[in-house]
Amino acid sequence: LYVPSTYNDKRRWPLVVVTHGTWPYDTAELQMREWASFAENRGLIVAAPRLVATKGDFPPSPEKQIALQQQDEQTLLGVVAALKRKYSIIEEQVFMTGWSAAAYSILYTGLRNPDVFRALAIRQGTFDPKFLDIPKDRFDRWQAIKVIYGQADFLRDQTVDSIKWLRDNGMYVDQEEITGTHRRIDPSLPWRYFKQVADERMWLRMRCAVVSEENPLKMRF
């Protein structure tokens, strides 16, 4: 956890949850080293929990991976809830981002909980649709998502597949292709997107359903 030295509870603060990729190439500690000085300068609270499902090399079977992602979901939601109790956090400015295999838990937890995470940013992420057994009614097409990937990234095809999968499920995705290979990306890129979302887009969550099969035109919003 990093809380800026200027923190006081007289104002509300954005919260960025950063998820790590495959150990030992990425860890919660490495993510925090990237974000701490940035958070101090920009006035952000940052949390980097240790996760169990973010393993890109030799991932387990879908059943085992989904079970691990469910464990990470409880960890991530618990961290957010605990920080909201302890600190003055802007309800509509809770974001999640991460690098590489972090995409597994970002997509699973983020898409299942759009009422918690205003926007998601995936940086050069791994992807496998078999790991995403998300019910259709959990998708919220108003949730903001950005996917950033390198032109020569060896995961580029997976990342492009994730964009197509999200769009096929009715989600709107902002994408950005940058130069370079599979590498760490400066925190300013996802934060710039989060700030734009917070400043320019309404936090709109709308669902509708048919009231009865006998009257398919009558809807409940």
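**Close-up views of a predicted model**

**View 1. Helix α3 is mostly covered: ten of its ten residues are buried.** Here buried means under 20% relative accessible area, exposed means over 50% and partly exposed lies in between, with a 1.4 Å probe and protein chains only. The buried residues of α3 are Ala 103, Tyr 104, Ser 105, Ile 106, Leu 107, Tyr 108, Thr 109, Gly 110, Leu 111 and Arg 112. They pack against β1, α2, β3, β4, β5 and α4 (156-168). Helices (H or I, at least four residues) and strands (E, at least two) are DSSP runs, numbered from the N terminus.

A word on the model before the next views: it is predicted, so local features need pLDDT of at least 70 and side-chain atom pairs count only at pLDDT 80 or more, while totals for chains, interfaces and linings use all residues. Residues are numbered from 1 along each chain as its sequence is written, and side-chain values use heavy atoms, with hydrogens and water left out.

**View 2. Helix α2 covers residues 62-86.** Its 25 residues reach 36 Å from the first C-alpha to the last, close to the 36 Å expected at 1.5 Å a residue; that expected span is 1.5 Å times one less than the number of residues. Which residues of α2 are buried? They are Gln 65, Ile 66, Leu 68, Gln 69, Asp 72, Glu 73, Leu 76, Val 80 and Leu 83. As a reminder for reading such a list, an α-helix has 3.6 residues a turn, so residues three or four places apart point the same way. What covers the buried residues of α2 includes β1 (13-19), β2 (45-47), β3 (89-99) and α3 (103-112).

**View 3. Asn 113 sits in the loop between α3 and β4 (119-123).** Asn 113 counts as buried because its relative accessibility is 8%. Setting aside neighbours within four places in sequence, Asn 113 is in contact (heavy atoms within 4.5 Å) with Glu 73, Leu 77, Arg 138 and Gln 143.

**View 4. Six strands form an open sheet with parallel pairing, in the order β2-β1-β3-β4-β5-β6.** Two strands pair if DSSP finds at least two bridges between them. The edge strands, β2 and β6 (173-178), each pair on one side only. Neighbouring strands of this sheet are turned by 20 degrees against each other on average, direction ignored. Helix α3 packs on the sheet and touches β1, β3, β4 and β5, and its direction makes about 165 degrees with that of β4. Axes are lines fitted to C-alpha atoms, for helices over the stretch in contact, and angles run from 0 to 180 degrees between N-to-C directions.

**View 5. Strand β5 (residues 144-150) pairs with β6 in the parallel sense over six bridges.**

**View 6. Strands β7 and β8 form a hairpin with two residues between them.** Strand β7 (residues 209-212) and strand β8 (residues 215-220) pair in the antiparallel sense over three bridges. Val 210 stands opposite Met 219 in β8.

**View 7. Asp 57 lies in the loop between β2 and α2.** Is Asp 57 buried or partly exposed? Asp 57 counts as partly exposed because its relative accessibility is 26%. Not counting residues up to four places away in sequence, Asp 57 touches Thr 22 and Tyr 25. A polar contact of 3.3 Å joins its side chain to that of Lys 55. Such a contact is a pair of N or O atoms within 3.5 Å; within protein, one must be able to donate a hydrogen and the other to accept it, and residues adjacent in sequence count only if both atoms are side-chain atoms.

**View 8. Tyr 7 and Trp 13 form a tilted ring pair.** Rings of Phe, Tyr and Trp (its six-membered ring) pair if their centres lie within 6.5 Å; planes under 30 degrees apart count as stacked, over 60 as edge-to-face and the rest as tilted. The centres of Tyr 7 and Trp 13 are 5.4 Å apart and their planes stand at 40 degrees. Tyr 7 is partly exposed at 21% relative accessibility, whereas Trp 13 is buried at 1%.
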